[in-house]
Amino acid sequence: MELSDEELALRFQNGDESAFEAMVGRWNEPILQLATRLTGDLEEAKDVRQMALLKTYRGLARFEGRARFSTWIYRVVLNLCRDKKRSAARAHAFEESVREREGDYVLEETGFHVARDREVARIVAQAVIALPASEREVVVLRHYHELAFPAIAEILGSPVTTVKSRMSRGLSLLRTHLATLET
Amino acid sequence: MPNDDISSTCDRVQHELAAFLYGELAPDACEALARHVGGCVPCREELAALRDTQRLLSRWETPAASEDPRLLARAIAAQAGTPRPVGEAPLDAHGDRRGRLVRWGARVSGAAAALLFTFSLLNARASLEGGRLQLDFALPGARSTALSASMGMPTVALMEEQMRAIAAREVAARSASIAQSQEELFQRCSQMTQQELLRLSQVVDYALAQNQRTWNTQLTTLGREAARTDIEMRRALTSLASYLPDPNNPANR
Ligand SMILES: [Zn+2]
């Protein structure tokens, strides 16, 4: 049976270093994805992940399990991303943060389609990153991390109604941005 | 006023479309929404547009994390500065450290290479047994010729044995401090293995660069210390040699 984050935290507190390895195995990918989508910059995202994992390593000793670990780690990543000032100059890094769906490569073998799919991915990414931070956070957590509104509300420390409104507004903004694209 | 009623219903419905699309609407609210959308063209169009938006969002995928989580975890732990249990070699058994020293000497370029060179200057053969430093002292022919010439001692072969005995005492007196700096060097080398992990995990490039500079500086310092020890030892040996009996003096035969 797979251990919960909280059980792993307890093991780590009791001196089991491998519990941290399990933790990293579980959270490495979600943290990197979240940070990439919030900053739009893969290198910045790796930076955020580094700091978030370091905070985790140091914070686990004091983790009391009053809140769920997932709430805590998402909150850490959000705060780190908010602290990061996005540099507009890093257009190249932005390109790296975009990757079209793998399946498109397999199905569409002509260069034209690959280029087009990549272009779609790039436009979508730009639209998400252009959202106001509060809408962007909710959209990313709901759509890409599949967190329910109450969980997002807990992470953000906001009422569920606020989260719902932000999601609604975020989707509307995206809809306007992406109106020219076919699905 | 029926128009106002309709538009306020539409507002409410459109406000709930996001929750509906993401399956976060209670079943009865879902039913009501579906009923309204079925009979209202603007709301139906809005729902279709948002559904398209939802689909488009899924077209953005980010690159997968390429790092091995285990290495990443170790790199983080190393960066967090966890103390290692004393006397425990980090990855290999004790006896393997010498190989690592040489390997790192080759890899860490200038500083470590200078250190190894300095040890060779000591005219001493250093070997490691169970983590302790053993020193054998020997005067190679060419050097001892030069030494004896400057001290006016013709018979190199004769004094070499005495010289060795004196030097051995001298070296024994110093071996403790040499062993200590050697031990420090091993500590550093073992930490550099963690650094290797940092490199492999490719997540802490900046820390790596910083550590590399730190280690290089410290290795240079160690190299200088070793060089100073070498000079001191030579000076001591020279003065010790002057007390050696002159084999050509009949009084000493
Ligand atoms: Zn309507």
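Biologist: Which residues form the aromatic cluster in chain A?

Modeller: In this predicted model, one aromatic cluster is formed by A:W27, A:F63, A:F69, A:W72 and A:Y74.

Biologist: How many aromatic pairs does the structure hold over all chains?

Modeller: Over all chains there are nine aromatic pairs. One of them joins A:F20 and A:Y57.

Biologist: What makes A:F20 and A:Y57 an aromatic pair, and is the pair stacked or edge-to-face?

Modeller: Ring centres must lie within 6.5 Å to pair, and these two are 4.8 Å apart, centre to centre. Planes over 60 degrees apart count as edge-to-face. Here the angle between the planes is 85 degrees, and the pair is edge-to-face.

Biologist: Which parts of the chain does the pair tie together?

Modeller: A:F20 belongs to helix α2 of chain A and A:Y57 to helix α3 (residues 42-59) of chain A, so the pair links parts that are 37 residues apart in sequence.

Biologist: How do you know whether A:F20 and A:Y57 are buried or exposed?

Modeller: Buried means under 20% relative accessible area. A:F20 has 1% relative accessibility, so A:F20 counts as buried. A:Y57 has 7%, so A:Y57 counts as buried too.

Biologist: Why is the pair of A:Y144 and B:W60 called edge-to-face?

Modeller: The ring planes stand at 80 degrees, with the centres 5.9 Å apart, so the pair is edge-to-face. This pair crosses between chains: A:Y144 is in helix α8 of chain A, while B:W60 is in the loop between α3 (41-57) and α4 (69-80) of chain B. Both A:Y144 and B:W60 are buried.

Biologist: Which residues does A:V124 touch, leaving out those up to four places away in sequence?

Modeller: A:V124 touches A:Y144, A:L178 and A:L181, and from chain B also B:L56, B:L57 and B:W60. In the largest nonpolar core, of 75 residues, A:V124 is among those that touch the most other members, along with A:V77, A:L171, A:L174 and B:L57. Helix α2 (residues 17-39) of chain A gives this core its largest share, 10 residues.

Biologist: Why is helix α8 of chain A called roughly perpendicular to helix α10 of chain A?

Modeller: Their angle is about 95 degrees, and the axes are 8 Å apart. Angles of 65 to 115 degrees count as roughly perpendicular, so α8(A) is roughly perpendicular to α10(A).

Biologist: Which residues make that contact?

Modeller: Among them are A:V138, A:V139 and A:R142 of α8(A), and A:L171 and A:L174 of α10(A). By class, the contact has six nonpolar, two polar and four charged residues.

How values were computed. Residues are numbered from 1 along each chain as its sequence is written. Chains are lettered from A and ligands numbered from 1 in the order in which they are written. This is a predicted model: local features need pLDDT of at least 70, side-chain atom pairs count only at pLDDT 80 or more; totals for chains, interfaces and linings use all residues. Side-chain values use heavy atoms; hydrogens and water are left out. Axes are lines fitted to C-alpha atoms, for helices over the stretch in contact, and angles run from 0 to 180 degrees between N-to-C directions. Helices (H or I, at least four residues) and strands (E, at least two) are DSSP runs, numbered from the N terminus. Angles under 35 degrees count as roughly parallel, over 145 as roughly antiparallel, 65 to 115 as roughly perpendicular and the rest as oblique. Contact means heavy atoms within 4.5 Å. Ala, Val, Leu, Ile, Met, Phe, Trp, Tyr, Cys and Pro count as nonpolar, Asp, Glu, Lys and Arg as charged, and the others, Gly among them, as polar. A nonpolar core is a set of buried Ala, Val, Leu, Ile, Met, Phe, Trp, Tyr and Cys residues joined through side-chain atoms within 4.5 Å. Buried means under 20% relative accessible area, exposed over 50%, partly exposed in between (1.4 Å probe, protein chains only). Rings of Phe, Tyr and Trp (its six-membered ring) pair if their centres lie within 6.5 Å; planes under 30 degrees apart count as stacked, over 60 as edge-to-face and the rest as tilted.
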